[in-house]
Amino acid sequence: NDELVKMAYKDAEEFEKEAKESTTQTEIAYAIANQRNSLATEKAKEADIILSEAQVMDNERDKLNALKNGNNLRLESTELAKEAVMAYNLANKLKERSDNLTAQSQQAFEVALQLDNAISSKSQTEIDDAYAKIQGILSTESKGDILAEAIEDYDEKKRASEKQIQKAIKLTEEVTVLDKDISSLLGRVEITKDKEEKALLLVDVAEMEEQLVVLRTEEKQAMDSAKKLQAETDALEEEGELMSDVIKDIKYGDAEELGRLSVEDKQKLAGEITTTESAIVTSEAAAISEQEEIAELKEFVTSGKYE
């Protein structure tokens with residue numbers, strides 16, 4: 001029975017240790033989200049100023065350099081904004097986990113004390129009741145490694161996307177093979193002198209051409225989907241790398257050095273992150289437009305027409 005009490009307190013201490021670790025990671029994640037969001041806002045403002053100044057420059061080379069600098073700041077701002085949103089979402093998940101672990105820890109300590117008292121009073125009924133509660137706490141599912149799950153989520157999406165792309169490629173290969181088979185049959189139709197054989201071959205060609213029409217339709221749909229999926233896969237690759245960077249900072253960050261956010265700061269951050277998240281799409285579109293302008297101006301400056 002003494003061993004049961006020791007095990008009960010040990011389990012409670014494990015929950016408490018995990019809860020503290022998760023709470024620390026939560027605070028770090030909120031601080032990183034706040035830090036990245038502030039930097040993203042600053043760089044976005046810098047980008048807007050430089051790009052606005054570029055539009056009124058008379059010297060095309062100076063304008064080109066200014067546009068490049070402004071666009072680079074825009075891209076940096078967008079990347080920081082994405083990291084801020086990722087860190088904030090992870091912070092919320094980590095908070096949920098730490099809250100659950102804290103509650104489990106408190107409950108586990110209460111039950112361990114109950115078991116200790118039950119053994120002291122030698123009440124078998126109370127001992128059985130406390131033991132059953134301990135087993136219930138231990139069997140309660142708690143959130144696993146939030147940070148590892150975040151990376152796995154991106155990896156799973158990437159695998160699903162790549163699988164669909166491979167399916168589209170295979171369909172294209174089937175179209176190519178069927179097309180060659182039809183050409184081969186038509187070649188035999190041209191050279192055969194047997195009317196009956198020619199008729200049979202033409203029947204086969206007609207059936208295969210019907211199949212080809214259906215297959216080409218499926219191929220077009222699949223390839224259109226594949227192009228979209230490829231873009232999504234590329235985006236997932238980029239986001240996966242950003243997520244890895246954010247998670248690394250959360251794991252090895254110093255909560256005291258980064259500074260813990262107050263309740264008021266976290267409430268303010270929640271509103272700012274909502275604004276940041278909606279601005280990411282606009283920022284990405286602006287960056288693409290700026291890059292197109294840069295490409296056109298660069299071509300003009302380097303074409304020899306510009307003196």
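Modeller: Helices (H or I, at least four residues) and strands (E, at least two) are DSSP runs, numbered from the N terminus. This is a predicted model, in which local features need pLDDT of at least 70, side-chain atom pairs count only at pLDDT 80 or more, and totals for chains, interfaces and linings use all residues. Residues are numbered from 1 along each chain as its sequence is written, and side-chain values use heavy atoms, with hydrogens and water left out.

Biologist: Is threonine 78 buried or exposed?

Modeller: Threonine 78 lies in helix α2, residues 60-121. Buried means under 20% relative accessible area, exposed over 50%, and partly exposed in between (1.4 Å probe, protein chains only). Because its relative accessibility is 7%, threonine 78 counts as buried.

Biologist: Which residues does threonine 78 touch, not counting those up to four places away in sequence?

Modeller: Contact means heavy atoms within 4.5 Å. With residues up to four places away in sequence left out, threonine 78 touches Ile280, Ser283 and Glu284.

Biologist: Which residues of lysine 43 and glutamate 76 count as buried, exposed or partly exposed, and where do they lie?

Modeller: A salt bridge is a side-chain nitrogen of Lys or Arg within 4 Å of a carboxyl oxygen of Asp or Glu, and lysine 43 forms one with glutamate 76, the closest N and O atoms being 3.0 Å apart. Lysine 43 lies in helix α1 and glutamate 76 in helix α2, so the pair ties together parts 33 residues apart in sequence. At relative accessible areas of 22% for lysine 43 and 37% for glutamate 76, each is partly exposed.

Biologist: Which residue is linked with Arg36 and Asp249 in a network of salt bridges?

Modeller: Arginine 36 forms a salt bridge with aspartate 249, with the closest N and O atoms 2.4 Å apart. This pair links distant parts of the chain, arginine 36 being in helix α1 and aspartate 249 in helix α5, 213 residues apart. Arginine 36 is buried, with a relative accessible area of 10%, whereas aspartate 249 is partly exposed at 30%. The network joins Arg36 and Asp249 with Glu83.

Biologist: How far apart in sequence are the parts tied together by lysine 266 and glutamate 27?

Modeller: The side chains of lysine 266 and glutamate 27 meet in a salt bridge of 2.9 Å, N to O. Lysine 266 lies in helix α7 and glutamate 27 in helix α1, so the parts tied together are separated in sequence by 239 residues.
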